[in-house]
Amino acid sequence: MKAVFVAGAILIASADISGAETVYRYEHGPSAMCGIHGGGTADFLRQVRASLRQAPASDRFDLFVGDDGVTQWVFTKPSEKAYPAVTCRWLDKDSQGHWIIKRKIRCQADRAACDRLAGEFATLDDQLRRSLTDKK
C-alpha cells in the first residue's frame, strides 16, 4: 500500500497543479463519481469496498485509494454529523494540459452539516495544491 501512495505522491509532485474544482450536490446527486455510478452513499460504499483498497481509517472517515494511487474515496462514518456522505477526489488536466484537483461530493445529511463538510474538503484541497506548488 505504501508503494501506491509513494507512486501517487511522485505523480502529483511532478504535476503542474492549478486550482481545485469541486462539484457539490446536497442530498440527491451526483449519481456518478470517479467512474462509478451509484444510487446513494451506501451503494457507492458497496461498490468501492468491493473494488478498491481500503487505507487506514480515521475516527471520522473510511478512506479508499484507487489503483492509480491518486484517486481517493472518503465516506463519513455514522458518528459524523455529515453522515451519510461520500466524496471522490482525483487529478485531471485542464484545456492547457495543466493538472488540476477535482472533487465530487454527495451528502445526504442536513444542509448545514453538508456545507461544513464540503468546506472542510475544499480547505484540504487548497492545502494540497499549495504544498505541491511550493515544492516546485
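**Disulfides and nonpolar cores in a predicted model**

Good morning. The protein chain exposes about 7300 Å², of which carbon and sulfur atoms supply 53%; accessible areas come from the Shrake-Rupley method with a 1.4 Å probe, and for residues only the protein chains shown count as cover. This is a predicted model, in which local features need pLDDT of at least 70 and side-chain atom pairs count only at pLDDT 80 or more, while totals for chains, interfaces and linings use all residues. Residues are numbered from 1 along each chain as its sequence is written, and side-chain values use heavy atoms, with hydrogens and water left out.

I begin with the fold. The protein chain has three helices and eight strands, in the order α-β-β-β-α-β-β-β-β-β-α along the sequence. Helices (H or I, at least four residues) and strands (E, at least two) are DSSP runs, numbered from the N terminus. Of the 136 residues, 40% are buried, where buried means under 20% relative accessible area, exposed means over 50%, and partly exposed lies in between (1.4 Å probe, protein chains only).

I turn to the disulfides. The structure holds two, a disulfide being a pair of cysteine sulfur atoms within 2.5 Å. In the disulfide of cysteine 34 and cysteine 88, the sulfur atoms are 1.7 Å apart. This pair links distant parts of the chain, 54 residues apart: cysteine 34 lies in the loop between strand E2 (32–33) and strand E3 (36–37), and cysteine 88 in strand E7 (residues 85–93). The torsion about their S-S bond is about -100°, so this disulfide is left-handed. Cysteine 34 counts as partly exposed because its relative accessibility is 29%, whereas cysteine 88, at 0%, is buried.

The other disulfide joins cysteine 107 to cysteine 114, with an S to S distance of 2.0 Å. This link is left-handed, with -80° about the S-S bond, and both cysteine 107 and cysteine 114 are buried.

Which residues touch the most other members of the largest nonpolar core? They are Cys107, Leu117 and Phe121, in a core of 15 residues. Strand E5 (61–65), strand E8 (99–107) and helix H3 (111–134) each give two or more residues to this core, and H3 provides the largest share, five residues. A nonpolar core is a set of buried Ala, Val, Leu, Ile, Met, Phe, Trp, Tyr and Cys residues joined through side-chain atoms within 4.5 Å.

Leaving aside neighbours within four places in sequence, phenylalanine 121 is in contact (heavy atoms within 4.5 Å) with Phe61, Val74, Thr87, Arg103 and Ile105. A second, separate core has eleven residues, including Phe44, Trp73, Val86 and Trp90.
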